[in-house]
Amino acid sequence: QISWVRRRDWHILSSGMFTYTNDERFQILHSEGSDDWTLQIKYVQKRDNGTYECQVSGSAGLISHFVNLQIVIPEAHIQGSGSGEHHVDKGSIINLVCIIDKSPTPPQYVFWYHNNNMINYDTNRGGINVETLPGHPTQSRLTITDTHEADSGNYTCSASNTEPAFVYVYVSEGDNVDAILMRKSCAMCVASQLILLLIPSIAAAMR
């Protein structure tokens, strides 16, 4: 008799060809006359991670074989988007690279969106190109030349096997880009100064 047991909760998933779970993703595959008893889990999820035990019971007693199942969840991120923003000068080039990592197989597709609209490469605008290189990891590069302010907005990289990745692109005149970055830098400086001012006040109040 062949049984499969999920070790994390000692749930007996199957005995022979019978399954003992309400989760229809679990199924036993066995051909008559074969020595193979395969536990199949469809549409695997993170919670399926863990150790599974195959128990073989017979006249010689019980023999167990353990299988460790590790679920890998692919991740997507856009290079240089740690701050969630990307600033470019008007008339320059938007160059975004999306990395799909931790994927056992390359995604079936990678789409790019601008403000929730799929980017169409054959528009009258021209100057738009996407190059996707499958592999480990998969890289998809979106290039937009001769940018103007209408190209500002949210850019999304969406692969078939990951959650989407986002970055907000600001296209403006060179002086405006410098001004935006300067304002952000000053805001951070002011925040740091306020924290430094508050620390002595809090310390004095606690005395």
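This is a predicted model: local features need pLDDT of at least 70, side-chain atom pairs count only at pLDDT 80 or more; totals for chains, interfaces and linings use all residues.
1. Two strands are said to pair if DSSP finds at least two bridges between them.

2. The protein contains 16 strands and one helix. Five of the strands make up an open sheet, in which the order is β9-β16-β15-β11-β12 and the pairing is mixed. Strands β9 (85-89) and β12 (117-118) stand at the edges of this sheet; each has a single partner strand, so one side of each is left without a neighbour in the sheet.

3. One of the residue pairs involved is I2 with V56, the latter lying in β6.

4. Strand β6 also pairs with strand β7 (residues 61-69), through nine bridges in the antiparallel sense. Here Q55 has S64 of β7 as its bridge partner. The strands β6 and β7 form a hairpin, with two residues between them.

5. Some totals describe the protein as a whole. Of its 207 residues, 29% count as buried. Its accessible surface is about 13600 Å², and carbon and sulfur atoms account for 54% of that area. Among contacts with a separation of 6 or more, 53% are between residues 24 or more positions apart.

Conventions. Residues are numbered from 1 along each chain as its sequence is written. Side-chain values use heavy atoms; hydrogens and water are left out. Helices (H or I, at least four residues) and strands (E, at least two) are DSSP runs, numbered from the N terminus. Buried means under 20% relative accessible area, exposed over 50%, partly exposed in between (1.4 Å probe, protein chains only). Contact means heavy atoms within 4.5 Å. Accessible areas come from the Shrake-Rupley method with a 1.4 Å probe; for residues, only the protein chains shown count as cover.
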